[in-house]
Amino acid sequence: MVGELTPVRIDVASTDRAFWNRFHELRRVRQNESRPDDPVQPDEEVETRMKKGNPFEFQHFYEISRDGVMLSSFYGETVTPRNAEYETNKHLFWADGYVRPDARRQGIGALWVPVIAKLMDEHGCTVVGMSTEEEPGHGFLEWLGAEQKLTEIESRLKLSEVDWPMLERWMAEGAQRSPQTKLEIYDGVLPASVLADFAPQLTSLLNTMPFESLDIGQIIVTPERIKDWNERQALVGEVQHTVITREPDGVISGMTDITWAPYRRTLIYQQFTGVRPDARGRGLGKWIKAAMVLHIRELYPDARWIVTENAHSNGPMLNINRTMGFKAYRTAVEYQMTREQLEARL
Ligand SMILES: CC(C)(COP(=O)(O)OP(=O)(O)OC[C@H]1O[C@@H](n2cnc3c(N)ncnc32)[C@H](O)[C@@H]1OP(=O)(O)O)[C@@H](O)C(=O)NCCC(=O)NCCS
C-alpha cells in the first residue's frame, strides 16, 4: 500500500484550491492533536503567509495524499545567500514532517527520508535538524538515528492568576536600582532610529542564549530581516510590542517583545527577552518582564495567557518566569543528525 504513495512537491505560489483544502484539513488534525484548546489560524492567513515566500530561507513544501486526502505533509528549509547567517548556517537543514494519526506506523514517515537527503544534497547541507513534542515523534527520530540536542519548554502564564502587586514592586525596584536607566515601550513596528541600535543588540543577546548542544551556527538579525518579519506580520494583522531599557550612554541594555494577533486575541506570544551580560544582576530582566505584562493588561483586557519558550537549561529566565507564575505546558526536543547518519537509513 505504502509503495503506491509518492511524495509530491508543491509550489505554493501556483497550487490549486484542492491542495489547500487537503492541506488545511490536515493542519486542523495536527492542531487538534497537539494544541486542541488554541485558536486555529484562518486558512486565508496561512495561505497568504506561505505564498509570500522568504528571501532569507529556501522553503520546500511536499505532500503525500491518497484519494483526495492528505496523509502527510512535509516542510524543509535552509538559509539563502542573502541571509547574513549564510556563512555559518549553510550546512544546516531544518525539516518537519507530520503523518495523520490513523496513517501512522505504515512507513509513510520513512518516505520523507530520501526527500530530506535529496534536498540536503541540492543545498550542500551536512546536518539536518527536526523537533518533536510527541511520543511518536521521539520514536521516529530515534529510529532515524538522530540525537537529542536541545530541550525547550513552552510555559504559559494565566493572566487571571498574576500577582499584580509583585509586578508593580518589580517595576519600582527596577527603577530604584538603576536610576539612570530609562524604560521605553514601543507599540508596533520599531522606528528606524531605534531599529538601527536594536538589531545588533538583539543579535548579540540572542547569541548568549543557551542552545545546549544544538548546532545553529551564528544568529544574525539585520534591520532588513526585521523589516521582512514586520511585512509578514502586517499581512495577517499581527502586532508587535517591545519594551527596552536604555543606559545613559544610549546603549540598549535589555529587551523583551510580544506579539498579538486578531485570530488569537486570548494568547499573547512572548518572543525574546534578554539583558546584556554587563547589565545582569540589577533586576532589569524582572523590570522589563513586569512592564510588559502590565502593558498587556492595559492594551488587551481580553488576553488570557502569555506563552513563551525557553531552553530547559536556561535557569535565569525560567526562574523569573516561574516566579511570575508561568507554568510548564509542553516540552519540545530538537534532534540533529548528519547527512552520513541519514544515509544509513536510506
Ligand atoms: C513522526 C511521524 C512523522 C512518523 O510517521 P510514521 O508514518 O508513523 O512513521 P513510519 O511508519 O515511517 O515509522 C518508521 C519507524 O519509526 C519508528 N516509530 C515511528 N513511530 C513510532 C512510535 N510511535 N513509537 C516508537 N517508534 C516509532 C519505528 O521504528 C518505525 O518503524 P516500524 O514501524 O517498522 O517499527 C508521525 O508520528 C507524526 O506525524 N508525529 C507527530 C509530528 C512529529 O512529531 N514530527 C516530528 C518529526 S519531524
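**Salt bridges and the ligand shell**

In this predicted model, the side chains of Asp121 and Arg339 meet in a salt bridge, with N and O 2.8 Å apart.

Q: How many residues apart in sequence are the parts that the Asp121 and Arg339 pair ties together?
A: Asp121 belongs to helix H4, while Arg339 sits in helix H11, which covers residues 339-343. The pair therefore ties together parts whose separation in sequence is 218 residues.

Q: Is Arg339 buried or exposed?
A: Buried means under 20% relative accessible area. Arg339 has 13% relative accessibility, so it counts as buried.

Q: Which residue forms a salt bridge with Glu25, and where does that residue lie?
A: The partner of Glu25 is Arg100, with the closest N and O atoms 2.9 Å apart. Glu25 is in helix H1 (residues 17-34), so the pair ties together parts that are 75 residues apart in sequence. Arg100 lies in the loop between E4 and helix H4.

Q: Which element supplies the largest share of the shell around the ligand?
A: Strand E4 (92-99), strand E5 (127-132) and helix H5 (135-144) each supply at least two residues of this shell. The largest share is 5 residues, and it comes from H5.

Note on methods
Residues are numbered from 1 along each chain as its sequence is written. This is a predicted model: local features need pLDDT of at least 70, side-chain atom pairs count only at pLDDT 80 or more; totals for chains, interfaces and linings use all residues. Side-chain values use heavy atoms; hydrogens and water are left out. Helices (H or I, at least four residues) and strands (E, at least two) are DSSP runs, numbered from the N terminus. A salt bridge is a side-chain nitrogen of Lys or Arg within 4 Å of a carboxyl oxygen of Asp or Glu. Buried means under 20% relative accessible area, exposed over 50%, partly exposed in between (1.4 Å probe, protein chains only).
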